[in-house]
Amino acid sequence: KDNGGAIEVPQGLIHDWVSLVFVPGATLREVKSLFQDYDHHYRYYSPEVERSRLLSRHGDDFKIYLRMRRKKVVTVVLNAKFDVHYHQLDPSHLIVTSYSTRIAEVEAPGTPKEHELPVGKDGGFMWRSNSYWWAVEKEGGVYVQCETLTLTRDIPFGLKWLTAFFLDSTTKE
């Protein structure tokens with residue numbers, strides 16, 4: 001919201017997800033090491049992350065690549081690059097910010113005809129993605145909170161009924 005009013009996003013949707021987890025017995029150093037192991041994120045976050053790679057690192061600034069697969073009603077494969085910054089406040093507090101710099105939809109993934117669609121000329125399943133991580137070591141483990149904001153296209157008019165179906169089914173649990 002902007003000054004209490006809704007922010008208009010013509011033909012788009014903003015998704016705001018927050019999660020919190022406690023990792024008992026872990027240290028902040030271990031959690032940070034896992035976060036920064038970008039060459040192996042495909043192992044940790046499979047099947048959603050199919051490939052992952054550290055592109056460059058300069059101190060606390062990282063450039064990374066992720067190939068992501070999202071399967072809901074349809075399956076979408078995306079090649080994405082992110083700028084990630086780490087800020088260690090003190091030995092027990094860490095802040096990580098991640099900003100997408102490029103997201104391209106992959107057409108015919110895993111086939112000889114695989115290719116990226118031009119950025120911005122695709123299905124609009126994800127246009128931007130920013131993540132904000134906070135990690136605190138205390139009480140014999142590490143609390144990790146993540147807030148992710150993504151920008152996607154709006155749901156086509158003919159499929160809006162699905163929104164009500166999925167929202168109703170998730171709120172009943």
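This report walks through the fold, salt bridges, surface, a pocket and some backbone details of a predicted model.

## Ground rules

Because the model is predicted, local features need pLDDT of at least 70 and side-chain atom pairs count only at pLDDT 80 or more, while totals for chains, interfaces and linings use all residues. Residues are numbered from 1 along each chain as its sequence is written, and side-chain values use heavy atoms, with hydrogens and water left out.

## The overall fold

Let's start with the big picture. The protein chain has 3 helices and 8 strands, and along the sequence they follow the pattern β-α-α-β-β-β-β-β-β-β-α. Here helices (H or I, at least four residues) and strands (E, at least two) are DSSP runs, numbered from the N terminus.

Of the 173 residues in the chain, 29% are buried. Buried means under 20% relative accessible area, exposed means over 50%, and partly exposed lies in between (1.4 Å probe, protein chains only). The accessible surface of the chain is about 11500 Å², and carbon and sulfur atoms account for 57% of that surface. Accessible areas come from the Shrake-Rupley method with a 1.4 Å probe, and for residues only the protein chains shown count as cover. Among contacts with a separation of 6 or more, 49% are between residues 24 or more positions apart; contact means heavy atoms within 4.5 Å.

How many salt bridges does the structure hold? There are 5 salt bridges, each one a side-chain nitrogen of Lys or Arg within 4 Å of a carboxyl oxygen of Asp or Glu. One of them pairs Glu50 with Arg67, with the closest N and O atoms 3.5 Å apart. Glu50 sits in strand E2 and Arg67 in strand E3 (residues 61–71), so this pair ties together parts that are 17 residues apart in sequence. Glu50 is partly exposed, at 29% relative accessible area, whereas Arg67 is buried, at 2%.

Arg67 also forms a salt bridge with Glu114, where the closest N and O atoms are 3.1 Å apart. Glu114 belongs to the loop between strand E5 (93–107) and strand E6 (115–116), so its pairing with Arg67 in strand E3 ties together parts 47 residues apart in sequence. Glu114 counts as partly exposed because its relative accessibility is 30%.

## From strand E5 to strand E6

Another salt bridge joins the side chains of Arg102 and Glu116, at 2.7 Å from N to O. Arg102 lies in strand E5 and Glu116 in strand E6, so the pair ties together parts that are 14 residues apart in sequence. Arg102 is partly exposed at 32% relative accessibility, and Glu116 is partly exposed with a relative accessible area of 32%. Salt bridges that share partners join Glu50, Arg67, Arg69 and Glu114 into one network.

Strand E5 also holds Tyr99, which is partly exposed at 34% relative accessibility. Which residues does Tyr99 contact, leaving aside its neighbours within four places in sequence? They are Lys81, Phe82, Asp83, Ser129, Asn130 and Tyr132. Tyr99 and Asp83 are 16 residues apart in sequence, and their C-alpha atoms are 5.3 Å apart in space.

## A nonpolar patch and a cis bond

On the surface, Leu34, Tyr44 and Tyr45 make a nonpolar patch with about 260 Å² of accessible area together. Patches are made of residues with over 30% relative accessible area and no salt bridge; like charges are joined within 9 Å, and nonpolar side chains (Val, Leu, Ile, Met, Phe, Trp, Tyr) within 5 Å.

Tyr45 lies in the loop between helix H2 (41–44) and strand E2 (49–58), and counts as partly exposed at 32% relative accessibility. Pro47 is in the loop between H2 and E2, and the peptide bond that joins Ser46 and Pro47 is cis, with omega about 5 degrees.

## The second largest pocket

The second largest pocket has about 200 Å³ of space. Of its 13 lining residues, the closest to its centre are Val21, Val23, Phe35, Trp133 and Val144. Strand E1 (12–24), helix H1 (28–35) and strand E8 (141–153) each supply at least two lining residues.

On a 1 Å grid over the protein atoms alone, a pocket is an open set of points where a 1.4 Å probe fits, with protein on both sides within 12 Å along at least five of seven lines; lining residues have an atom within 4 Å of a point. Grid points are joined across faces, edges and corners, and the volume is the space filled by probe spheres set on the points.

## Two positive phi angles

Ala108 is not a glycine, yet its phi is positive, at about 55 degrees. Ala108 lies in the loop between E5 and E6 and is partly exposed at 27% relative accessibility.

Glu139 also has a positive phi, near 55 degrees. Its place is in the loop between strand E7 (128–138) and E8, and Glu139 counts as exposed at 58% relative accessibility.
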